[in-house]
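Subject: Model handover

Hello,

Here is the model we spoke about. Please open it alongside this note; my findings follow below.

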Amino acid sequence: MISIQHINKSYGKKGEIPALHDISLEVKKGEVFGLIGPDGAGKTTLFRILTTLILPDSGSASVAGFDIITQYKEIRRCVGYMPGKFSLYQDLSVEENLSFYATIFDTTVEANYHLIKDIYDQLAPFKTRRAGALSGGMKQKLALCCALIHKPTVLFLDEPTTGVDVVSRKEFWSMLDKLKKDGITIFVSTPYMDEASLCDRIALIQNGSILSIDTPSGLIQNFKYPVFGVRTDNMTTALKQLSQQPSMQNIFPFGEYMHIIDERSTLSVEQISRFLSEHQHQNIDVQQIKPEVEDVFIQLMKENNSQ
Amino acid sequence: MSEQLSITASQLTKRFGDFYAVDHISFDVRKGEIFGFLGANGAGKTTAMRMLTGLSIPTSGTATVAGFDVYTQSEEIKKKIGYMSQKFSLYQDLKVAENIEFFGGIYGLSKSRLKEASEKLLHTLGFEHEAQAIVGSLPLGWKQKLAFSIAIMHEPAIVFLDEPTGGVDPITRRQFWNMIYEAADKGITIFVTTHYMDEAEYCNRVAIMVDGKIEALDQPKVLKQTFHAPNMEDVFYQLARKAKRSDG
Amino acid sequence: MNQFKAFILKEIYHILRDRKTLLVLLGMPIAQIVLFGFALSNEVKNTSIYFLNQSSEPLAQQLIAKVDQNKYFDVKGYIQDAAEAEVLLRSGKAKVVAIIPSDFAYALAHENETTIQLLTDGADPNTANIINTYFTLITQQFRNEHFGKINLPYQINTNVRMLYNPQLKGEYTFVPGVIAMVLMIICVLMTSVSIVKEKELGNMEMLLVSPTNPLIVIISKAVPYFVISLIIVTIILVMSVVLLHIPIRGSLWLLYFVSSIFILSALSLGLVISTITNSQQVAMLISLMGMMLPTIMFGGFMFPIENMPLPMQIISNIVPAKWFYYAINGIMIKGLGISSLYKEILILLGFCVLFITISFKKFNIRLS
């Protein structure tokens, strides 16, 4: 459904600001594909290229079989786009926004209402309220409805969950799941690593380059190094002490636990536990764990940066 | 005793007509504590922070920040605190050194103190070579770290951080929290809001706001026990789901 | 067609719901008419004049009385010596001091001439000249009344009649000028800012990624402002006729026709500006500084173009407002028709076509 071949893009008069470097990937029909990476990684640039808003410096891409450069009109007819900042008309009401977007796509709200019904039901009590007066979560839902109202073949969602709280984020992703069943291909970007596991396949992107493409479980299974979760009563001290050990330097806080990425594959649970009890830690809890996407990202990022 | 409390708030309220943005909240923050403030958008976090930083006068209730009253001594408060948010931290079209100089001036640092603080800052961040770089050209993670360093440059008693790590890559996020820990070690109280649930675990205590009220306030460990939750995300989820006001 | 209607409807919502801007849009022309019509004026009335009357003759008093009766002068008092004159002029208490010599009546009667010295505040030379002229007129009238008309040999009398505006009313100049200024502001500023705002907020992205022809986007912006502009022209005209008694001697249809062409070119100019920048502030600056200033300076209603040095006169030819002002002035005050104004109308049409072409060409189907 989406095919990207060796796309490059830089900004600036002489191209001093690189944005994308040799990006290639494929998105299959009907899948939820996640582009995972922090701000500045190039996600928005890639989306703008695919939605034909900007031209790449080199490379080619096609969306729904149409070339992004020569057939942009066809692409603009069949994709749904939800840019960051949601781009709603602040002084129009919820229903006015929706019917406006329906009209510019030459359709009506009624025609494809079934697609947005579940989402719009939550908005319906506020349908006469001005979009500017909605909360972040509501704006997100409205923007999604506006992007869906013309039954797009491909849905591009650029950081739809940024700045929104955990609960709204979860709800949003369950809405996406339902859309999948309607056969819509969804290409979504997010800086939140925990959302990666909700996608069919993901591409990790950082500093304009793709670090890896796989299914979330594939990424985790194929991760080369063992990962240990560590917890004690005194996390701050434990962190300091462990990071001074050459074999345990790859250590990162992960909320409740710390994760040690065992690059040299030399560590064991006993080894780490012993070290901690020698340093008078209480309530020591060390386990070998399955890595999370964030572990993978961190490791890949380090390797990418050191190149 | 009160010198050990950086922030006190009792029945603090902000009302807009019939709408209680902040509904009679009460809490204390100890000196050197890392205090997390969680909540959905619209729950009242930003409004509460604005009252504590002297940007907004409460409708009722009392609060002191660094010992100063928020109603009558907001100017003194501003001298004693640092502030950093995701949306604005630094001037993008000025150089690193210029930003340091500017904010140093605003915080009232003398020329000699400013020079000293500036050198220390650049050295700690490893930014000596970047001093003349335009801030806008730096990667986001660097910008946020720089902004934080500048916010504590004048050694404030308390620093307020409004979603400081939004959108930042995972490594920088952790480096940022290292900086927060170091600041807390030096005795600076940290008041931070965030949407990253793992960061909630890094705080000494966490308050969760729902519909303008504080629905839970305790150490993460205790909250997880109370709510029978495996992690902070689940605690938050249980509380936030009940919110009537979260949307609309 | 549906799409076009949807866009226009949206624009109307935007305009109506932005109360503050709406207030400015409608209030500004009204405020300007009131200001220029009533408050500001470059006529000279009730000028404060002091007399240093060195003559004890009754004739001098009669002259003073005559000056006082005149609506242009207001005799405020008397001074005893010339030094006081400077104090009064400097402080602004007096705009002019007149010194009547001690032998005023005697000299007139026996030597057929005398001199009155006028000390005027020359810091404002235009007003000073007008004051001097008025005073001279009064003294001439006085002389004729008391000594009869003098017939010098070979005298050429000029009989001046101010055509179209015999009382030299300032309002006649200002109303067409206000129309030009207000239209420029509304059309250029509002259109450019409105389009750039969509770019800034990110709405333009959404619109581009849709099957809508981008041209519909910009044309739909122009239409409501076109209508508003015509409404404002009507408001100004009604106020001018009713409150200021300014005549509309020419064809009303022609007036609206010429206004429409000017409005179209100003709207297109707004569109051109919106393609140059992505920032509302820059759009505002360019519109105000780049468009308003030349309009005021070279439009011909504040400063006479004929008085300007040649290079500036040439520049004034590329300011559309100049031609518009001349045409409107002609229609309203002189009652001219198409046959007299075809040159101006053609030039305005030319500007219109030029700007429309540029804006269409420059409009980007992608984000730059």
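Which strands of chain C does helix H3 (residues 58-69) of chain C lie across? Helix H3 of chain C lies across E1, E2 and E3 of chain C, and runs at about 135 degrees to E2(C). Angles here run from 0 to 180 degrees between N-to-C directions, with axes fitted as lines to C-alpha atoms, for helices over the stretch in contact. Helices (H or I, at least four residues) and strands (E, at least two) are DSSP runs, numbered from the N terminus.

Some ground rules. This is a predicted model, in which local features need pLDDT of at least 70 and side-chain atom pairs count only at pLDDT 80 or more, while totals for chains, interfaces and linings use all residues. Residues are numbered from 1 along each chain as its sequence is written, and chains are lettered from A and ligands numbered from 1 in the order in which they are written.

The sheet in chain C

The sheet is open and has 4 strands, in the order E2-E1-E3-E4, with mixed pairing. Two strands pair if DSSP finds at least two bridges between them. Strand E2 (73-78) and strand E4 (117-120) of chain C are at the edges. Each has a single partner strand, so one side of each is left without a neighbour in the sheet. From one strand to the next, the twist averages 25 degrees.

E1(C) covers residues 47-53 and pairs with E3(C), residues 96-100, in the parallel sense over 5 bridges. C:Ile49 stands opposite C:Val96 in E3(C). C:Asn53 has C:Ile100 of E3(C) as its bridge partner. E1(C) also pairs with E2(C), again in the parallel sense, over 5 bridges. There, C:Tyr50 has C:Gly77 of E2(C) as its bridge partner.

Is E1(C) enclosed or open? 5 of its 7 residues are buried, so E1(C) is largely enclosed by the rest of the structure. A residue is buried if 20 or more other C-beta atoms lie within 10 Å of its own, exposed if 12 or fewer, and partly exposed in between; C-beta atoms are placed from the backbone.

Helices around that sheet

E1(C), H3(C) and E2(C) make a right-handed β-α-β unit. Right-handed means that, with the strands pointing away from the viewer, the path from the first strand over the helix to the second runs clockwise.

Helix H6 (residues 125-147) of chain C also packs on the sheet, touching E1, E3 and E4 of chain C. The direction of H6(C) makes about 155 degrees with that of E4(C). C:Phe147 lies in this helix. C:Phe147 has 11 C-beta neighbours inside 10 Å, so it counts as exposed. The C-alpha atoms of C:Phe147 and C:Leu108 are separated by 9.1 Å, with the two residues 39 apart along the chain.

Chain A

Chain A has 307 residues, and 51% of them count as buried. Its secondary structure comes to 10 helices and 14 strands. The C-alpha trace spans about 70 × 45 × 35 Å along its principal axes. The domain assignment, which is automatic or from a database, gives domain 1 (2-216) and domain 2 (224-290) of chain A. Their C-alpha centres lie 39 Å apart.

Where A meets C

22 residues of chain A are in contact with 20 residues of chain C. Contact means C-beta atoms, placed from the backbone, within 7 Å. Helix H2 (72-78), strand E6 (79-82) and helix H3 (94-104) of chain A each give two or more residues to the side of chain A that touches chain C. The largest share, 4 residues, comes from H3(A).

In H3(A), 9 of the 11 residues are buried, so this helix is largely enclosed by the rest of the structure. Among the buried residues are A:Leu98, A:Phe100 and A:Tyr101. The cover comes from both chains: it includes helix H4 (113-123) and helix H5 (136-148) of chain A together with helix H1 (2-17) and helix H8 (203-208) of chain C. H3(A) is followed by A:Asp106, which has a positive phi, near 60 degrees.

Where B meets A

29 residues of chain B are in contact with 31 residues of chain A. On the chain B side, helix H6 (170-185), helix H7 (197-201) and helix H9 (232-241) of chain B each give two or more residues. H9(B) gives the largest share, 6 residues.

Best wishes

Technical notes: Two residues are in contact if their C-beta atoms, placed from the backbone, lie within 7 Å.
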